[in-house]
Amino acid sequence: MLKGKLNTNFNLKTYLWDICYSIMSLDTVKRFDRIVAIFIQLQSKRIVKAQELADRFQVSLRTIYRDIRKLEASGVPIVSEAGVGYSIMEGYRLPPVMFTREEAGSFVAAEKLMQKFVDKSLGNYYESAMLKLKSVLRGREKDWISALESQILVDPSHKLFNDDLPNALEVLFESIAEKRQVHLKYQALNNEIPTERFVEPVGIYHESGFWYVLGFCHLRKDYRQFRTDRMQAIKPTQHSFTREHITLDDYRSKLNEVEKTKVVIQVDKSVVRFINNSKWQHGFVSEKVKGNYVEMTFLTPYVEHGFSRWYIVFSDYAKIIEPESLKHQIKSILEKAISKL
């Protein structure tokens with residue numbers, strides 16, 4: 001354990017270097033940095049698994065076990081439980097870690113994204129956290145951060161949240177952590193009137209420019225996805241979850257198991273670069289260059305609506321190879337559009 005009082009300008013690496021000097025004289029700087037990183041990660045979570053550490057640092061479990069023993073020998077009170085993981089004894093904390101200029105710079109980008117891509121409530125919490133982080137920076141790092149802040153702009157192309165719901169993500173986070181249902185007023189795309197429902201949120205993810213919530217809907221008696229910008233109201237309840245839910249990754253894996261249609265199109269080379277980002281949202285599989293065209297293959301479950309309407313955007317520079325049903329769908333949509341001109 002550390003003797004005497006700790007300096008308020010404490011630097012974690014300096015501290016560990018001092019207490020591990022005899023150890024480190026036989027090891028590389030790379031290993032020293034890994035031990036410091038392991039120590040920081042142990043402080044960041046209640047339980048950390050050895051395999052999690054091994055995967056992060058791309059080393060063997062034996063190496064992680066050895067590094068943990070070195071930390072213990074240095075006086076860090078690590079609690080280990082077979083089959084569970086490692087944790088640092090409750091109450092053991094060190095003063096703030098000093099950040100490098102590059103690490104501090106990454107906070108600027110993160111802050112700009114948080115201000116625009118989360119709701120107002122979480123954005124305010126992050127702003128408060130950032131002030132605490134900035135308070136431990138050295139003077140030159142603070143100047144570096146200030147120079148960057150006014151020169152970085154994030155501008156989403158559309159709203160991600162209803163302005164009347166400043167704390168939607170906060171409510172959802174709390175619901176998932178405490179396993180309590182939320183009461184949701186939701187405007188579905190195909191309904192004119194919002195519906196009210198009790199939902200057990202399973203997970204939250206950001207995809208194709210929007211935030212989505214996967215949850216078990218008691219109104220539909222099944223799992224549904226809800227877009228945050230279509231939520232009209234949300235509030236926590238005291239109702240506990242009624243079932244054990246699969247993980248978000250498991251659910252999304254199951255979505256990939258639904259029946260899909262193979263689509264092959266030829267796209268003029270001149271416009272391929274304009275659809276490269278959006279093609280992944282429609283089940284892009286592969287492509288081959290054929291003269292002045294690029295032949296693209298897709299596997300999509302949403303041929304009639306999602307894929308067909310996306311294709312129309314660049315249809316004057318493309319040709320459908322298969323399936324025949326997609327050609328008829330495109331023709332039908334265009335004929336309806338022409339009739340309304």
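**View 1. The hairpin of β1 and β2, with G83 between its strands.** Here three residues lie between the two strands, and G83 takes a positive phi near 80 degrees. Strand β1 (residues 78-81) and strand β2 (residues 85-88) run antiparallel and are joined by four bridges; strands count as paired if DSSP finds at least two bridges between them. Look for E81, which stands opposite G85 in β2. Helices (H or I, at least four residues) and strands (E, at least two) are DSSP runs, numbered from the N terminus. The model is a predicted one, in which local features need pLDDT of at least 70 and side-chain atom pairs count only at pLDDT 80 or more, while totals for chains, interfaces and linings use all residues. Residues are numbered from 1 along each chain as its sequence is written, and side-chain values use heavy atoms, with hydrogens and water left out.

View 2. Most residues other than glycine have a negative phi, and most peptide bonds are trans. Q58, in the loop between α4 (50-57) and α5 (61-73), has a positive phi near 55 degrees. K221 also has a positive phi, of about 55 degrees, and sits in the loop between β5 (210-217) and β6 (222-227). Q58 is exposed, at 74% relative accessible area, and K221 is exposed too, at 61% (buried is under 20% relative accessible area, exposed over 50%, partly exposed in between, with a 1.4 Å probe and protein chains only). Finally, E322 and P323 are joined by a cis peptide bond, with omega about 0 degrees; P323 belongs to the loop between β11 (318-322) and α13 (324-339).

**View 3. A salt bridge between two helices, D67 with R34.** The structure holds six salt bridges, each a side-chain nitrogen of Lys or Arg within 4 Å of a carboxyl oxygen of Asp or Glu. In this one, the side chains of D67 and R34 meet at 2.6 Å, N to O. D67 lies in helix α5 and R34 in helix α3 (residues 29-44), so the pair ties together parts that are 33 residues apart in sequence. Both residues, D67 and R34, are buried.

**View 4. Two further salt bridges, K279 with E287 and E295 with K290.** The side chains of K279 and E287 meet at 3.3 Å, N to O. K279 is buried, at 6% relative accessibility, whereas E287 is partly exposed, at 39%. For E295 and K290 the distance is 3.2 Å, N to O. E295 is buried, at 12% relative accessibility, and K290 is partly exposed, at 41%.
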